[in-house]
Amino acid sequence: MATYVGKNGAVYNGANAVAEIKDWSLETTSEVVTDTVMGDSWVSNKPTLKSWTSSFNAIWDDADTNGQLTLVEGAEITVNLYPTGKTSGEVEWAGACIVTSVSKSASVDGLVEASFSVTGNGALTTGTVS
């Protein structure tokens with residue numbers, strides 16, 4: 001089984017890199033409905049609709065006009081997530097989504113940071129960087 005180092009990971013808004021990314025996460029889920037009937041001894045379920053969300057954290061960069069500054073709540077974007085960088089032959093996940101939250105934080109002994117969350121608006125695709 002292969003293992004990967006995330007230090008070269010990246011987040012893109014369409015064709016534009018989002019600057020100063022520190023980390024990102026991706027979660028896919030499936031809704032389920034119960035199909036248990038009288039006489040069953042155990043609950044049984046069936047999968048229904050799938051969904052996905054992603055979040056990413058960055059060092060705030062107000063000069064990143066094609067990346068961070070486009071990520072405003074309610075914006076409909078296409079996000080591309082690269083776990084090991086945007087290198088030919090590597091894995092990428094991509095999908096249309098809506099920016100659901102943006103937050104910024106600062107501390108006396110740290111940098112100003114920004115956090116972004118998106119909710120998928122349709123299918124998430126798994127592909128290979130070309």
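This report describes salt bridges, an aromatic pair and a surface patch in one protein structure.

The model is predicted: local features require pLDDT of at least 70, side-chain atom pairs count only at pLDDT 80 or more, and totals for chains, interfaces and linings use all residues. Residues are numbered from 1 along each chain as its sequence is written, and side-chain values use heavy atoms, with hydrogens and water left out.

**Salt bridges**

A salt bridge is defined here as a side-chain nitrogen of Lys or Arg within 4 Å of a carboxyl oxygen of Asp or Glu. By this rule, the count is two. In one of them, lysine 22 pairs with glutamate 113, and their closest N and O atoms are 3.0 Å apart. This pair links distant parts of the chain, since lysine 22 belongs to strand β3 (residues 21-34) and glutamate 113 to strand β7 (residues 113-120), 91 residues apart. Strands are DSSP runs (E, at least two residues) and are numbered from the N terminus.

Aspartate 35 and lysine 46 also form a salt bridge, with an N to O distance of 3.9 Å. Because aspartate 35 lies in the loop between β3 and β4 while lysine 46 is in strand β4, the pair ties together parts that are 11 residues apart in sequence.

The table lists the accessibility of these residues; "partly exposed" lies between buried (under 20% relative accessible area) and exposed (over 50%), with a 1.4 Å probe and protein chains only.

| Residue | Relative accessible area | Class |
|---|---|---|
| Lysine 22 | 45% | partly exposed |
| Glutamate 113 | 25% | partly exposed |
| Aspartate 35 | 29% | partly exposed |
| Lysine 46 | 45% | partly exposed |

**Aromatic pairs**

Rings of Phe, Tyr and Trp (its six-membered ring) pair if their centres lie within 6.5 Å; planes under 30 degrees apart count as stacked, over 60 as edge-to-face and the rest as tilted. The whole structure holds three aromatic pairs. Among them is the edge-to-face pair of tryptophan 24 and tryptophan 93, with 6.1 Å between centres and 70 degrees between planes. Tryptophan 24 lies in strand β3 and tryptophan 93 in strand β6 (residues 91-105), so the pair ties together parts that are 69 residues apart in sequence. Tryptophan 24 is partly exposed at 21% relative accessible area, and tryptophan 93 is partly exposed at 23%.

**Surface patch**

Trp60, Leu69 and Val112 make up a nonpolar patch on the surface, with about 250 Å² of accessible area together. Patches consist of residues with over 30% relative accessible area and no salt bridge; like charges are joined within 9 Å, and nonpolar side chains (Val, Leu, Ile, Met, Phe, Trp, Tyr) within 5 Å. Accessible areas come from the Shrake-Rupley method with a 1.4 Å probe, and for residues only the protein chains shown count as cover. Tryptophan 60 is situated in the loop between β4 (45-59) and β5 (76-82), and tryptophan 60 is partly exposed at 37% relative accessible area.

Definitions and conventions: Helices (H or I, at least four residues) and strands (E, at least two) are DSSP runs, numbered from the N terminus.
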